[in-house]
Amino acid sequence: RVVFRATRGNMYLRSADIVEQIRDPHTSEFVFKSVFLVFFSGQRSADKVAKIADSYGANRYNYPSKFAQRNALLNEVLSRIDDLR
């Protein structure tokens, strides 16, 4: 609701709870977490969404705008997952 009001409804938000516990990167404790994805347009909205996410202590990850960069990022993440197994 906060993001909706800050962007005046000019956004698309999806959220979900993660079923299993995840290790918190700051405290190294296992906790239940949620994930959310916000689509919006404009730098002003980006600043507002970033400020709101930071105030709630959310971990933010940038998503590249170009397909080739997204593909490279996906391959890197999949490689890291394979290394962990």
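Student: Is Ser28 buried, partly exposed or exposed?
Tutor: This is a predicted model, where local features need pLDDT of at least 70, side-chain atom pairs count only at pLDDT 80 or more, and totals for chains, interfaces and linings use all residues. Numbering starts from 1 along each chain as its sequence is written, and side-chain values use heavy atoms, without hydrogens and water. Buried means under 20% relative accessible area, exposed over 50%, partly exposed in between (1.4 Å probe, protein chains only). Ser28 has 44% relative accessibility, so the class is partly exposed.

Student: Where is Ser28 found?
Tutor: Helices (H or I, at least four residues) and strands (E, at least two) are DSSP runs, numbered from the N terminus. Ser28 lies in the loop between β2 (22-23) and β3 (30-31).

Student: What is the phi of Ser28?
Tutor: Ser28 is not a glycine. Still, its phi is positive, at about 65°.

Student: How many salt bridges does a search of the whole structure find?
Tutor: A salt bridge is a side-chain nitrogen of Lys or Arg within 4 Å of a carboxyl oxygen of Asp or Glu. Arg60 pairs with Asp54, and Glu76 pairs with Arg80. The search of the whole structure gives a count of two.

Student: How far apart are the closest N and O atoms of Arg60 and Asp54?
Tutor: Arg60 is partly exposed, at 48% relative accessible area. Asp54 is partly exposed too, at 44%. Their salt bridge has its closest N and O atoms apart by 3.0 Å.

Student: Why are Glu76 and Arg80 separated by about one helical turn?
Tutor: The side chains of Glu76 and Arg80 meet in a salt bridge with an N to O distance of 2.7 Å. Both residues sit in helix α3. The separation is about one helical turn because their spacing along α3 is four residues.

Student: Which residue is exposed, with a relative accessible area of 52%?
Tutor: Glu76 has a relative accessible area of 39%, so Glu76 is partly exposed. The residue at 52% counts as exposed, and that is Arg80.

Student: What accessible area does the nonpolar patch of Leu73, Leu74, Val77, Leu78 and Ile81 have together?
Tutor: Patches take residues with over 30% relative accessible area and no salt bridge, joining like charges within 9 Å and nonpolar side chains (Val, Leu, Ile, Met, Phe, Trp, Tyr) within 5 Å. Areas come from the Shrake-Rupley method with a 1.4 Å probe; for residues, only the protein chains shown count as cover. Leu78, one of the members, is partly exposed at 43%. Together the five-residue surface patch has about 370 Å².

Student: Which helix holds Leu78?
Tutor: Leu78 belongs to the surface patch, along with Val77 and others. The helix that holds Leu78 spans residues 67-84 and is α3.
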